[in-house]
Structure formats: structure tokens, C-alpha cells
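Please open the model in your viewer and keep the sequence panel beside it, so that each selection can be followed in both places. The tour moves from one selection to the next and says what is found at each stop.

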Amino acid sequence: MIEIENVTKEYPSPEGLRLRILDSISANIPSGSQLGVVGRSGSGKTTLLSMIAGLERPSTGAIRFNGFPISTAGEAELSRFRAREVGFVYQTFQLLKHLSALENVLIAAEIASHPKAKSAAQEALDWVGLSTRLKHRPDQLSGGEQQRVAIARAIVNKPKLLLCDEPTGNLDPQSADQVFRLISSLSMELGATLFFVTHDYALAHQLSGRIELERGQLSRLQLSEGVRP
Amino acid sequence: MSHWFWPALQREIRASWKKLSLSAFSLCIGMSALTALMLADARLEQQTRRQADNILGGDVEISDVRLLPEKLIESLTSSPKIARRSRVTSFVSMANVAQAGRPKLIEVLAVDDAFPLVPGIKFKPNLSFESLRSGGILVENSFAVTHGLQLANQRISGEVNDKTSQKLFTERKAVRIGKRFFPIVGFVENDQMRDFASFSLGSRLYMAREVAQRQKLISSQSRLRDRLLLQFPAQASPEATQEWLREELKKIEPIRPALRSKADALNSAFKPARSLMLFFNAIGFAALLLLGLGSAQGLHSYLQRKQYDAKILSNLGANRSLLTILYVGNAIIVSAAALAAGAWLGQILFQQEIAPRLGRWFAGGGAELSLLNQAGLTAKFALAAFLLTLSLILPGALLYLRRGQRQSSITALATSSDPLPKRLLLSFIAGLENFPDLVWLITALLLSFLISSETAFNLLLVVMLTGLYFAVRFLVRIVSRLGLSPNIRLPLSIRLAGSEIAARPAQSTLTLMLFGMSVCMMAFMWDLRTNIVEQISAATSGNQRPNVFVIDAPPEAMASVQEILSKGSAPGGVLSEKLTRARLARINNKTTEEWLVQFTGSADARRTAERLLSREQNLTSREKLDDRQQTESVVAGQFWRPDSGKAAINEVSVEAGIAKNLNINLGDNLTFDIQGIPIKVKVTSLRRVRWQSFRPNFFFVLHPSVLSDAPFRGIFAATLPDNKTRSEVLNNLSQNHPGITALDATELADLAAQLLTAALEIVGFLSFLMFAGALLNTFLSAWTSFTMRAQNFSLYRCLGANNSLVLRAVFGEFTLLSLFGCLTGVVTSWLLSTMVQKTLLSVDDQLQLRVLPGLAITGVVVAICCIAALVSAILILRQAPFRVLRRPG
């Protein structure tokens, strides 16, 4: 269960004012939910994800994950939480160019102190269908393949929370569809809660739940179980 | 040009100057180091060329270490092929000055009325030979200033019991040589180039040759150098006349005087200083090169970032060529300003730091030389700097700003049927794409040929930098393996650090090279200081080491000299040897000319052999080698056994170095000519001599039975405990034996140490500059790679890396870079020290490599790099990772 209680996030503006990015957001999201996060640019989607991952702290309010106080935990606890419980997928893949596919996945397992990091990384790449491309570097892979490496890296530690920030934004429609299906099926298989930020309402509608943000406020929250066929 | 261009350029300059300032500063430091050194070099060369005539004093010089045959002088004087001639006989003596304590070592030049043939020497007042003929002397300015000497305006008898003479001596208007007083009738401006030409044995005094002869300071037995300076008629061909002279000299048997041309003199005068300056130049250019490469990183990072801007402006309709000119122009303006500022700072550095340190060599003052009045030098500088700048900037422009308009260079090259120049250009760009640092290095090295046509300089630079480059590349490769390879188990922080180093191989290579180079220079300076300067001091200090030498004592004076020296030293503290002068006339029954014809080896080796064969050799005899174990040892063959029972052992033991230079081997037969009498001996052993022992050592040692009837001179080495005793003994010697030379080795060692220290201070100064540059580049490198580093570490943080891991990894990266850089530098410095010691300074001793200074420098570097790491880590941790990862590019 993710409990978001009256979360507000403000940043100082260059003029010395306070810019409110998120305004009094509250939601209780059951574990295993698959949510599409939609909204216009600047509506606070990425900030919300960042705070759920513990990368930023809310100005006011609280966020808890299965009772773990994300908004008030110490840096070391948060790092451990991210390493073991959270998986990230980004729009721009964020692969290290000088490392091979296997090494890119391995790094996440090693940071999480996985006891069998290498075999876990190989298994994760196998899940995403890249077991034959272990030694390829990012520039030797297509965009869709690079995103699959990034997905393998996100799931290598079998996280309970999968945060995807517009992961299909840089892909052609066919690759985007493949990546979307892969992410949703893997999150279901892992029993992870999925937050899938996208501008594509059609994709968001394929997920069981939806969070819609408008000017930093929660305009709509729809929760239901399962993935639509 | 479009109307938008100039305002855009102004805006670009205003917006980017802060970002480019570190690059510019780095370039500026490198340029100032190079300028300072090149000015020093130019001054040296200028002075040498200006005084080329004075070095020799005529068109050619005929000289010998004995008095030249009168017949030769007469025949040359009467020949129409010679316009003028002057005879100068020089010898070393000891001069007493009132209240100066011990006598001073001087070089006396006994001249005739034709001196000087070349009007390069300045006298105050003008030289009047009559005053010299009547017993007066001229002294060098520096000698006069040091001892407060003044002009004597009256004639004196010079006799030791003459009151007027004594009075003038007391008033420091006369100098005593032996037991006779010589009034000072003029001063001579110091001949600066003498410092280069040889290790001077003291100040010069000039007197009339006939006076020196009358006072018995010159005799056929004296240790002297007799020179006949000749000037050719204006219309004569110097080469033809020299050839004629050579033929004339061949008629003199058995031992011919040496013939030296102006070119020979110039070469020998300039060689020691030239070697030193070549070395300095190499350091200066290496500094510019490396710091230039460092700043190129900054410029490329700038141009890389401008790709994005260029794309936007291009989409808005701006011409791509103009855009390229805009950003490249900005980078060129900044670089040119940095180079100009560097050149200006370099001049100040030269005038304030280098010229005063080498004051003896730059007595003309540093201010008169400036880039502005050195047209040739300025042009050379400007061209080199401009080309270097272009080589640093243009590739970036081609790579980043023009890329959109062309296909990959390698693809274009493979399919191209273009003319050769275009294919070469494509190869260059393709090389840049794949090995940018190596291509920059090669380009800059090629540019070094523009700055100096000296092959030795360029080779030294090429060897130094390419050696360092490949060593560093190898290290980067090893460190890369520490990265995230699944097969290596190391702490995660170290592996992340290795991964970061591998992520930016060219930048890491350059940072390592910069550290390597600067640490190398510092450690090298330390090595030389400890190994050579301290060695020289140690050689003349301590109770057991000889510190006073008497050379050239005639046989009849040996007992007296021994007695004088023994009074001041401990029992057994005086070593004496007999020295016989001879010429090596034949090797394996071939004359030296024939031997040289079949001589194999480089031109340098051949010149060395020629020089060694043309000079007189000092022979000594010894029954056994047992008591010399400390200073020499047999390295090949066998030294004769003292109990062999043979009446005569016609054998010679040769020093290994000279044997190698002359191609002499065990079993060869050598024939020495001792005053016309041939002595034939067989080489039965080769010895390695430790010349730094400051004991009398010889190239050729014969058995006493061979030299029993040969004329000899005495050579003494004494250990005198303190200054006072040394003064007393030297005074006693100079009064009783004015014709012999006594050297105080502690003074010579001090002088040598001072000279070396001055040179090392300059190296130290430069290494400090390079070190500052290296640190600057570390910050520059940290700054230019910050975006990439921030992205990588933000990713790690998103993946769960905590602050501690980020800190440790960033520290690990900087520590590994600095540590490996320092280690490379220390090892390179050891190699360099060995090379310089063996080649430039000809020191054979085993190197005493010190670990502690290397560790200390490494510690400082690592500590400073840790500060850079801390700054970098704090900046990374202050950023929100998710936002960093969403930034474009």
C-alpha cells in the first residue's frame, strides 16, 4: 500500500517566490496496482514519481510504502529502499554508454548487494529477450532494445515498485507497444505497483488505474484491479 | 556576412568567457612557461653568435699544450696567406691580493702587441701595450670588483723588497704572483661566453708575453696552452686557407699542434649550454603541449555543448558555416588572448625569475630582449601558437558543428576517389574521431619542429611524451578493467570509480599525463639535486676526501710540495702520483689517422674519437691496483700481478669509457709517443673509474718499468681539515711555486653546485608551473565532465546508491587518477634522471633513487585531488537525480 497524505511540493523561483508544483495530493494506492499517470507538461507527474522514490522530499505531507515512511526516512534507509524495492525506467533509457548490456544491469544488482548479481542480471536480460546481446554496448542496440535493457535493470532486484517516466516517449509506435506490454506483464508477474507516466491517454487507458494531474492537483484518481486485455 | 553574426558573436563572447576562462588560464600557463624558456634559449644563442669572433679571437687558432715551434710561427708570419697573427700563451697560476686570505686561482693570458686580433674585448682605459710591456697587468672586472682592486698610476719595480711595490699591493693597486708584484694598468670587461666554453679555472689576468717569459712564468716545462691566432686576408677563402694550414702542420713531426676553426670554437663553446637549454626547451614545450591539450578539452566541451545551440539556430535559418565560424571564432579569440597573455607573462617570468638566476650567463640584462624586438622569434612563436590553437580547435568544429552535413569520415575515406590532399584530410578527421588525444599529440609534436630545428630536442620530446602517453594509456586500460566487469571482484566504490575513468578515456589519459609530467619534473629535480649536487658536496667534504690538488709539479719541486702539503694534513693525508704526458700515436700499428679512417660509429662518436686522439694523454704508472679499490675496478682482462717477477711488463690498463670511445679492446697494441720516443704496450685490462671520487684518476695506467725513464710531473691530492689550514698551505705554495697550479676543490665544488642549483631552480620553477597547470586541469576536467559525471551518479542514486557510495566512488576516481599519475611521474623521473645523468652530465654512479620525496609529492597531489573530488561530489549530491536524468543530452 502506498499512502500519499496531503503532499505539497514547492520550489523557490528565480524571482524569490515559491512555485507550487504539487498541491495537497492525497491517495491510498493498493499494492500491485497498475496506474497510468497522465497530465499536461508541468503538471507535477515527474515530481510525484521522484517523491514516491524518495529522491525528493515533500514540502508538507507524508508518503508511506507498506508502512515505510518515505518522506521522513534517513538517506541510508532511502538508498536501501530504492535499491531493493524500486525499479526505474526512463524516457531516455539512461544506459551507461561504456558498459555492456550485462554490465548495465549488473550495476543495479550490485548496488542492491544482490548475493548472485551476475546470474540475476543474466536472468533479467533473459526475461526481456536479450540473452543473446549480453556483451553489446548501448550504441550497438536499437532504441527498443536499449529500453529493454533499461527494463531488465529495473526488474533485476524484483522490486515492489516500478516507476516509469515516459518510457515509450522516444520509441516508434510498434516498439512503444512492445515495451508497454513488457512492462505491464513484468510488473504483474512481480506483483509490483506500477506508476507509468505517459502523455499517451490510449496507453494510460490500457492500465487498470489512472492518476490525472492538473496544475499540481489531483484531478482524477481511478483505481481498479487487473489489466485490461 | 549576415547581419545577425556580429551581435551573436558579441553575445557569445559575453556569455561564455566564464566557462572558457579555465581553458584559457591553462593555455596561458603553458605559453608563459614556453616563452620564458625560449627567451632564455634565444638570449643564449644570441649572445653566443654575437661573440662568435671573440670565442676564438681570430679566423683560426693553432694551439698546443707546449710552446709552439718558432719555425712554424716564422713561416706563417711570412706567408702572404696570413694577414695578421697574435700569439697568446695561457697558463694557470695563483695570485695574491692584499687582505684576501688565501691566493686566488687565476688564468694568465700572456699576450703580444697584436692582441686582440678581433676588437671584441673592451678595456678600461684603452689598451696600451707599452704599459703591459713595462710590467703592468689587466684584470677582469669581476675580479677587480670582488677584491676591491684599483688602477695603479705609477710604475713599480715589482721586486718583493721594493717599498713602492708593497705599498701599491697594500692599496690593492697591484697583484702578487709568486714573489713579484704586478701593477694594475687596466680592467677588462668579462668575457661571458667563457662560462659556457669550459669550466673556468678562475679569473683572467692579462700580461705581456715577454714579461711572463722574463719572470720565468713561461718555460718549456710549464703547463700551458700556446695559441697562435691567425686572421686571413679579406679576399682569401677560409676553407682553402685552412686546408693549406693543415698541410703545413703535417710537416711538423712527431706531434702536431691542433687547428681549430671559428665554427669548431662556436660549437664547443655552445655545446654544454645548448644541451641544458634543449632540455629546458623540451620541458617548456611539453608544458605548453599538455596544458594546451588540457585546455583543448575545455574548448571541445564548449563546442560540443554548442552543437545544440547550432542546431536550433540552424533550424531558424542561420547558415551552418557562419555558425561554425561563430563558435570557433569565439574559441580562437579566447585562445589567442590566452596565448598573448601567456607570452607576456612568460617575458616577465624570464626577466624576474630566470635571468637573475642565470645572471652569470645573462649579464647583459633581461630587459633588452622582448618579443617585440625579436622579429624572427615573434614570427616563429606566432605561427606555432596559431597552428597549435587551430589544431586544438578546428577538429572540434569539424566534428561537432559540421557533422550534420557529411557522412562518417571513415566511410567517406573508404569510398572516396578524391585527390590525395582531401584523402589525407579525411584520414586526419577519421583519426580524430577515433583517437583524438593521440592525433593532437602527434600534431603538436610535429609543430615542435617549427619551434626548434634541433633533432635532439625533438627526439627528446617525442620520446618523453610518446613514452608517457603509451604508459598512461596502458594504465587507463588496466583501470578500465577495474570497472564493472562481472569477472573482477573489488569493492563497488572502486569499480564505479574505474568505470567512471573508463567512461572518459581521453580525458583520463590527459589528466594522468599532466600529473605524470609535473610530478616527473619535480621528482626529477629532486633526484638531480640529491644525486649530483649533494654528491659533489659530499665528494669534497669529510675528513677522508682530498680537497686540495696540486697539479703539474716539476720533479725537483715534488719534495717541497709534499712537505708543504704534509704540514697541514693528517699523516697519510697526501696522495701523490707521477704523470707523464704522451700522445697516442698508433693503435695496432696504425697511425691515429689510419685508425680514424676505419672507425665505425656515428658522426658524434667519430668527433669524440678525433678529439681524444688529438689531445695529449696523461699516463701514470702503478705496481698494483689493490689500494685503489674504492675508486676503480677491473671490468675486463687482468691487471698485472705485482709478483710476476718480470723485469719489464709492456702492458697498459685502459679506462673502459675511453676504450669504448676509441674502439680499443683487450689485446690491442698501443704506441705512445713520449717526447719523440715511442713506447709500445699491450692492453691487458680495462678499468671502470669512479671519477666522482675526487682523487687523481687516469685513463691509461702502465707498469712502472715502462715509464721508469720517462719525464714526469707530480700530481698531489691532499686532505686539509679546515679553511684556515687550506689558506695557509695555498699561500705557502703560491709563494714558493708560482708556476704550479693548486686547486681548492671545495671552491670548485661550490661553484659547480651553484651552477647546477641555478639550473635546477629553473626546472623546479617550471615543474611548479606544470604542477599548477595539472591541478588546474584536474578542476577543468572535473568541470567539463561534470554533466556526464552528474548523470552517471544520478543514475546510481536512482538505482539505490547512497551518499556514502557516491562520495567513495568520486573520491576513488580522483584518487586513482592522481595516484597513477604520480606513480607514472615518479617512474618516468627515475628514467629521465638516469638518462640526463648519463648523457648530459656524464655521471656514471649508481642512482640513489629516493622514495620519500615521490611519496610526499604523491600525497600532496592526492590531497588536492580529494578537494576536487569533494567539490564535485557535493555538487552532484545537491542535484535532484530525477531532474538531472531528464535533462537533454
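A residue is called buried if 20 or more other C-beta atoms lie within 10 Å of its own, exposed if 12 or fewer do, and partly exposed in between, with the C-beta atoms placed from the backbone. This is a predicted model, in which local features need pLDDT of at least 70 and side-chain atom pairs count only at pLDDT 80 or more, while totals for chains, interfaces and linings use all residues. Residues are numbered from 1 along each chain as its sequence is written, and chains are lettered from A and ligands numbered from 1 in the order in which they are written.

**A residue in chain B**

Select Ile354(B), which lies in helix H11 (residues 320-357) of chain B; helices (H or I, at least four residues) and strands (E, at least two) are DSSP runs, numbered from the N terminus. Ile354(B) counts as buried because it has 23 C-beta neighbours inside 10 Å.

**One strand and its partners in chain B**

Next select strand E12 (residues 574-587) of chain B, which pairs with strand E20 (residues 713-718) of chain B in the antiparallel sense over six bridges; two strands are said to pair if DSSP finds at least two bridges between them. In E20(B), Gly714(B) is the bridge partner of Lys578(B). E12(B) is also joined by three antiparallel bridges to strand E14 (residues 617-621) of chain B, where Gln617(B) stands opposite Ala582(B). With strand E17 (residues 669-674) of chain B, E12(B) pairs in the antiparallel sense over four bridges, and here Leu584(B) stands opposite Phe672(B). Finally, two bridges join E12(B) to strand E13 (residues 590-591) of chain B, again running antiparallel. The hairpin of E12(B) and E13(B) has two residues between the strands, and in it Asn588(B) takes a positive phi near 50 degrees.

**The sheets of chain A**

Turn to chain A, which has seven helices and ten strands. Six of its strands form an open sheet with mixed pairing, in the order E6-E7-E8-E3-E9-E10. At its edges are strand E6 (86-90) and strand E10 (217-222) of chain A, each of which pairs on one side only. E6(A) runs parallel to strand E7 (residues 161-165) of chain A, and five bridges join them; Val86(A) has Leu161(A) in E7(A) as its bridge partner. Helix H1 (residues 45-52) of chain A packs on this sheet, touching strand E3 (34-39), E7, strand E8 (193-197) and strand E9 (209-214) of chain A.

A further selection shows an open sheet of four strands in chain A, with the order E2-E1-E4-E5 and antiparallel pairing. Within it, strand E4 (residues 60-65) of chain A pairs with E5(A) over two bridges, and Phe65(A) has Phe68(A) in E5(A) as its bridge partner.

**Where the chains meet**

Methods:
Two residues are in contact if their C-beta atoms, placed from the backbone, lie within 7 Å. Axes are lines fitted to C-alpha atoms, for helices over the stretch in contact, and angles run from 0 to 180 degrees between N-to-C directions.
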